[in-house]
Amino acid sequence: MKFVYGSLIGGIWRDSPSTLRTVNPARPSQPVGTYGQATAAMVDEAVAAAAAAQRAWRKLPAPERCASFARFIDAIEANKERLAEAITAEQGKTLLESRGEIAKACSESRFMLQHVMTAEGTRHVPALRAGVRNIVLRRPRGVIVAITPWNFPVMTPMRKIAPALGFGNAAIIKPSEFTPAAACILGELATGMLPDGLLQVLHGGPDIGNALVGHRGVHGVTFTGSVGTGRRIIAATANNLAELSLELGGKNAVVIHDADDLDACLDQVASAALMCSGQRCTAVSRVLVRRALGERVAKGLAQRASRMRVGDGMDAATQLGPVTHLSQFEHVMSAVSKARSEGALVVAGGQGLEVQGCEGGYFFAPTILDRVEPHSAAAREEIFGPVISIVHYDTFDDAIAILNNVDYGLTAALFSNDAKVIARFVEECETGMLHVNHGTVPDSHMPFGGIKASGVGAYSVGPSAAAFYTTEHSVYLEN
Ligand code: NAD
């Protein structure tokens, strides 16, 4: 597989003097794509083209915009296999997971179009003065920049493009430099189907991202990625005071207090933790377990981790693909070695894996760390790899204290049949999403986002996204 793309600006694919290259993480010696990196001048051009396209697009009635976007979603579904292969080739997840990602992206996008159609419209408010009508209305925000990470190369861009365009904005997407192929295919499918300039794709790393988010012609920045980059984006948008919606990291926990069917519970925990090699923002990274159940949970998770077939995501027998890039692999390796030095017991995995036929691939064995100390790095810092840290606790008060003693607040799950315990979890757990008696996989139509260091501004999925993609206006009409 070989992808060659420039940046898509104003409906035209543009070459650049400098390129970035991607490799297959299962076989890093195998090149996958070559992409022309956007220049500063291209950033200016793209912002101008977006503004021009948006001026016409915003005038279309919302049902017409949504119908056009729905046809774009149809085109994505028709190209599912091609997109799935592009995801697996650069990101590494299994083809099954890639297909699931695309299906989820499409269903989420369709729900977002419903939110556009049912969003609160013009409101009439009683006026203080006779002969005056007060109206509150919302209008499209303008030019939206979307910066995305490498773990969901279709779903994260779509999560931003669908509401942006649905609500009447133009979008410029800068995909991750590790996984740009899927965004290029999205750009290709949009060409001829959506107006030129409405959806543009610019390639590059932090420099181009930084130039885009701080550009004076940009009105909103939606970002998914690490906390460090989120902070840099906040600093860069001091230049244009663009509205922000940031989805950041996580240290998601499952609390196992009591479970009727511990096997079923552990099946869900293992899958929520290890799918996509643990590189999902909602992946379970910590298991907090009541001490009486600790040994059974550690043993059960170790068995499940050891049974997983690790390999090339293109191989139908593979259950777990590689980590996406070398520095992420090294980060996982060093987090596990630090956990060991801080006293954790490695009860499964703990090291990189050689896979026959995939020499040099970034494979990391599914890893279970038991008896992790609540204050250690493995219990509190994001690893973003196929690693579960098990922390034992005595009382539910202890569980809540450990659960909330992290910077992040994305998602968490509780397994318990005790009504009081459930009520406390729902009230006291400091995360944007909470699951009781199942893993952390979210529905496509529910608000998606985090609190604390996991998110800033409106959530990107759900009705609250309207607050980011539109602006509010108070109108006073004197007769
Ligand atoms: P990252 O922050 O390194 O990069 C994300 C994107 O930001 C890339 O496109 C990158 O080129 C761009 N970028 C880097 N520096 C920039 C700058 N100064 N200005 C503008 N853009 C810049 O993140 P990553 O390594 O690609 O992804 C992993 C991280 O993403 C993890 O922390 C994970 O938790 C987080 N994540 C969060 C969610 C969520 O919904 N909360 C979802 C997926 C991933």
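α7 (206-213), β11 (220-224) and α8 (227-236) each contribute at least two residues to the shell around the ligand; helices (H or I, at least four residues) and strands (E, at least two) are DSSP runs numbered from the N terminus. The model is predicted: local features need pLDDT of at least 70, side-chain atom pairs pLDDT 80 or more, and totals for chains, interfaces and linings use all residues. Residues are numbered from 1 along each chain as its sequence is written, and side-chain values use heavy atoms, without hydrogens and water.

**Shell**
- The ligand is surrounded by 29 residues (a heavy atom within 4 Å), the closest being Glu177, Ser226, Thr229, Leu248 and Glu382.
- Domain 1 (3-248 + 454-478) and domain 2 (252-444) both give residues to this shell, so the ligand lies between them; the bounds come from an automatic or database domain assignment.

**Polar contacts (N or O pairs within 3.5 Å)**
- A polar side-chain atom of Lys174 is 2.9 Å from a ligand oxygen atom.
- For Glu177, the corresponding distance to an oxygen atom of the ligand is 2.7 Å.
- The side chain of Thr229 has an N or O atom 2.7 Å from an oxygen atom of the ligand.

Terms used:
A polar contact is a pair of N or O atoms within 3.5 Å; within protein, one must be able to donate a hydrogen and the other to accept it, and residues adjacent in sequence count only if both atoms are side-chain atoms.
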